[in-house]
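This report describes the secondary structure, sheet and helix packing of the model shown below.

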Amino acid sequence: MVELNVNTENQDARTTERPPQLLILGTGITQAAQESLSAGFHGIYYELPHAGENMRAYLKALNAQLKQSVPILNTVVVVVPMAPQGHEEQVDLQWVEETFGRTILVLQRLSQNLMSSKTPSQIIFVQFAMGESGHPNLITSSTLSGANIGLVKCLAKELGRYAVSANVIGVSDCDELNISFDMDDAYQKLFDLSGLGNNANVEKINSAMHHLVMSEMSVTGQVLRMDGGILM
Amino acid sequence: MFLSIKNSVLSNDAVKTLIHRIWRFTVLAKSMLKRLFRGGSSTENSSNSNESLSALTANMNLTDKRVLVSGATGFLGSHIAQALYDAGAKVTLLGRNEEKLQDMVKSKFTSDDPLAKKAPVTTLCGSVNNQDDAQKIAQRYVEEHGALDLLVNCIGSAEDKPFVFHTANEIGESMASNLNPIVYLCEAFLPKFVERKSGNIINFSSITGLVGQPMRSLYGANKGAVIAYSKSIARRYAADNIRVNCIAPQVVTGGLAEKMSDDVRVLLQETTPIKRDCVAKDLEGAVLMLANEQQGFVSGSVVNVTGGLVTW
């Protein structure tokens, strides 16, 4: 766990009087990336549970940390990991199930915090953009991303009445968050032809997070593509 | 009377609730009366659907196409198998219950008409709990039939429950019943399709996987995963002349629609631009369309069967 920005003097002008209380969940994200991602927010970074981790103990520790550092949680950002190398040639359902299952169990717990916060709250997944289109060589990561998109849309509809919005930021390439891939040749050629291709970085993703937080429920159940126009 | 209610008994909220309940009752009653007096269900327009499906089947050449339908003993699977059989395909039913499979063959696929030169329907009984199961099924299928032309996966089940109440076991079970068997079967048959440089897969997803639905978060997630997986393999194997598509229906009369409460069902029907319920025939039409070789350039798509309800 790392305590993130509490310097409200340099706070982003777009944030409200009290900065959004943020929890970032991720896997192996560097401290520099954590800080860039959370600029303008107050909150903590916490590692997603690892394979085989005791979930009861994990949730207890996370809860204690939240009580101490983020008492009024209203923004949860899940940086979804990509499948490890060697798990993409054929879909690795065990990895999908473990990663998806652990994320759900954490989100269930956090959803209760968000539903009771009595302020507009957000769940934001930052993930591999190809959950929408599929990827011929990254089938495992695509499948997990597709599951998350389905989940987010269901959550947007189910938790909306509690003022909880849920969105996905689909990222094509962001080394700082360990989200990167090679496009297959066909897409690369089309991409080159379009002349766009600004990859996302953590600062841009942070900006998108502010946009979603500021929208206060106007934007929910959406996939915000930050892919330089690949999936236009 | 109104005054006395206002002044003494009911608060504004209670009055609103009462009015809302009366409105809901009126809507329900209207719908039930409609069903009664038109001598049928709210699917009355499905006769049009039947006629157009017959026309479609007549133009369809699936004769001798070898088709495996998984989830064949389910409501949807049995209808899809029947439609493919009617279109001339050599259908094999895959299910977990041998008795049910045999009953189906006897009741639905046995014809007394000697002129109906239809290939007999065969069955394969087995569970698809892991990749080994699927490999064995693929092996048995190939031994018996030589090769497969079309795999149709009609697998899935949903349970309505608030997101926060799902247990860890339910998360696994939802994957095991909505995503895993589809992936296992695709992975088992894809190498065989690659060898022959020909193959066609149709996976049933759901509109919930595309646009979400409250209380069905696990179902929606797994159906979303089916779509992403199908698109991925569609792109991966396109050069091997293998097509992969999904069908995303809304709830179907006789299927998941039966699990809905009457008022939600009425609301769904009223808000669907084509003013009727989705029926099995609608999905049969979608399957026949994707099965047809004339659709040979359609791959990686999700066919939305929602009567115009979801147009995005």
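## Chain B overview

Chain B contains 12 helices and 7 strands; helices (H or I, at least four residues) and strands (E, at least two) are DSSP runs, numbered from the N terminus. This is a predicted model, in which local features need pLDDT of at least 70 and side-chain atom pairs count only at pLDDT 80 or more, while totals for chains, interfaces and linings use all residues. Residues are numbered from 1 along each chain as its sequence is written, chains are lettered from A and ligands numbered from 1 in the order in which they are written, and side-chain values use heavy atoms, with hydrogens and water left out.

Of the 312 residues of chain B, 49% are buried (under 20% relative accessible area, with exposed over 50% and partly exposed in between; 1.4 Å probe, protein chains only). Contacts (heavy atoms within 4.5 Å) between residues at least 6 apart in sequence join residues at least 24 apart in 77% of cases in chain B.

## The sheet

The strands of chain B form an open sheet of 7 strands in the order S3-S2-S1-S4-S5-S6-S7, with parallel pairing (two strands pair if DSSP finds at least two bridges between them). Strands S3 (122-125) and S7 (302-305) of chain B are at the edges; each has a single partner strand, so one side of each lacks a neighbour in the sheet. From one strand to the next, the twist averages 20°.

Helix H10 (residues 217-237) of chain B packs on the sheet and touches S5 (199-204), S6 (242-249) and S7, its direction making about 160° with that of S6(B). Axes are lines fitted to C-alpha atoms, for helices over the stretch in contact, and angles run from 0 to 180 degrees between N-to-C directions. Helix H12 (residues 280-291) of chain B also packs on the sheet, touching S4 (150-153), S5, S6 and S7, and makes about 165° with S6(B).

## Strands S1 and S2

Strand S1 (residues 66-70) of chain B has 4 of its 5 residues buried, so the rest of the structure largely encloses S1(B). S1(B) pairs with strand S2 (residues 90-95) of chain B in the parallel sense over 5 bridges. Ser70(B) has Leu94(B) as its bridge partner in S2(B).

## Helix H4 of chain A

Helix H4 (residues 139-159) of chain A has 21 residues and spans 30 Å from first to last C-alpha, close to the 30 Å expected at 1.5 Å a residue (1.5 Å times one less than the number of residues). In H4(A), 20 of the 21 residues are buried, so the helix is largely enclosed by the rest of the structure.
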